[in-house]
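Subject: Structure for your review

Dear colleague,

Please find below the structure that I am handing over to you, together with its sequence. My findings follow it, and I would be grateful if you would read them with the model open.

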Amino acid sequence: MAAREVCYLDVDMRGRRWLLPTAIAVLFPAVLAGWTLTAVSAQEAASPSPSASAVSGDAAKGAQTFGSAGCTSCHGANLEGGVGAKLNPIQKLPGVANPLDPQYLATTIRNGRAPDAGFSAAMPAFGPDKLSDQDLQNVIAYIVGQNKSGAAGLSPVDLARSNVFWVSIGVLAMTLLTWLLTRYNMRWIALRARARREGGGRSA
Ligand code: HEC
């Protein structure tokens, strides 16, 4: 009875030896990914985003108009800012809830904006005489599109995503490598033991 019990315990232990490392290897990246994605989605909800339906312009034409209407002289050829606010990633000016809201962009470009602290100039008004409705929509599509494409580098959200991705790949790769090495090692030990048995003490 006692012998059987020991034997049973032994088998049980062998079967479960992989349970804890495997659980850790799976749970760790899962918890990491879940935790970061939660943080990311919380931040995404709070960060500026265009209300999808309202952007109707042609971004490529908008880029041309941005140059020909003189926006580049204050906002830079790549929306990097200068005398005017940085437009990619778009700056959050005081009192503005969502600077990528097409309605806000339209109003600001049409009516202009008095200089906030830190600006030496005002945003001039571009009435329909300077900018047609279509040109206005195109420029808005251009600004929103540039912000979405992340041309100015990874946003914190994208950065967090890529971090989670590569850390998970790394953990999985290391788990696989450890598993392969362990298998190889076991086989090697078995081979050596057999060689020793068969060769009568000759070392392998
Ligand atoms: C004379 C310089 C000047 C020119 C030309 C100019 N801007 Fe501006 N723009 C500014 C300044 C300065 C501000 C920041 C105003 C403030 O402090 O509130 C601004 C703000 C803006 C904002 C709001 C940015 C934000 O972060 O909320 C948008 C959008 C904008 N400009 C678009 C344009 C477009 C499109 C054109 C061309 C049609 C243009 N601007 C031409 C100076 C300029």
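I begin with a residue of the last helix. Leu159 has 13 other C-beta atoms within 10 Å and is therefore partly exposed. Leu159 belongs to helix α7, and its C-alpha atom is separated by 9.9 Å from that of Val40, a residue 119 positions away along the chain. Please bear in mind throughout that this is a predicted model.

Val157 is also part of helix α7. Val157 is partly exposed, with 15 other C-beta atoms within 10 Å.

Helix α7 as a whole covers residues 156-199, which makes 44 residues. From its first C-alpha to its last it reaches 63 Å, close to the 64 Å expected at 1.5 Å a residue. How many of the 44 residues of α7 are buried? The number is 0, so the helix lies largely in the open.

Overall architecture

The chain contains 7 helices and 0 strands, and its pattern along the sequence reads α-α-α-α-α-α-α. Of its 204 residues, 15% count as buried. Among contacts with a separation of 6 or more, 65% are made by residues 24 or more positions apart.

After α3 comes Gly70, with a positive phi near 95°.

In α5 the buried residues are Pro102, Leu105 and Ile109. Down the axis of α5 they fall within an arc of 60°, so they line one face of the helix. Gln103, Thr107 and Asn111 are exposed on the face of α5 turned away from that buried side. Among the elements covering the buried residues of α5 is α6. Gly112 follows α5 and has a positive phi, near 75°.

The nonpolar core

The largest nonpolar core has 17 residues, of which Phe66, Leu87, Val139, Ile140, Tyr142, Ile143 and Val144 touch the most other members. The elements that contribute two or more residues to this core are α3, α5 and α6. The greatest contribution to the core comes from α6, with 7 residues. Leaving aside neighbours within four places in sequence, Phe66 is in contact with Cys71, Thr72, Val139 and Tyr142.

The surroundings of the ligand

There are 29 residues around the ligand, and those that come nearest are Cys71, Cys74, Gly84, Asp116 and Met123. By residue class, the shell consists of 21 nonpolar, 6 polar and 2 charged residues.

Backbone geometry between α4 and α5

Most residues other than glycine have a negative phi, and most peptide bonds are trans. Leu79, located in the loop between α4 and α5, has a positive phi near 65° although it is not a glycine. Is Leu79 buried or exposed? Leu79 counts as buried, because 23 C-beta neighbours lie inside 10 Å.

Pro89 is likewise in the loop between α4 and α5. The peptide bond that leads from Asn88 to Pro89 is cis, with omega near -10°.

With kind regards

Conventions:
Residues numbered from 1 in each chain as written. Predicted model: local features only at pLDDT ≥ 70, side-chain atom pairs only at ≥ 80, totals over all residues. Near = placed C-beta within 6 Å. Nonpolar A, V, L, I, M, F, W, Y, C, P; charged D, E, K, R; others polar. Helix = DSSP H or I, 4+ residues; strand = E, 2+ residues; numbered from the N terminus. Expected span 1.5 Å × (residues − 1). Buried ≥ 20, exposed ≤ 12 C-beta atoms within 10 Å, placed from the backbone. Contact = placed C-beta atoms within 7 Å. Core = buried A, V, L, I, M, F, W, Y, C linked by C-beta atoms within 7 Å. Arc of directions from axis to C-beta.
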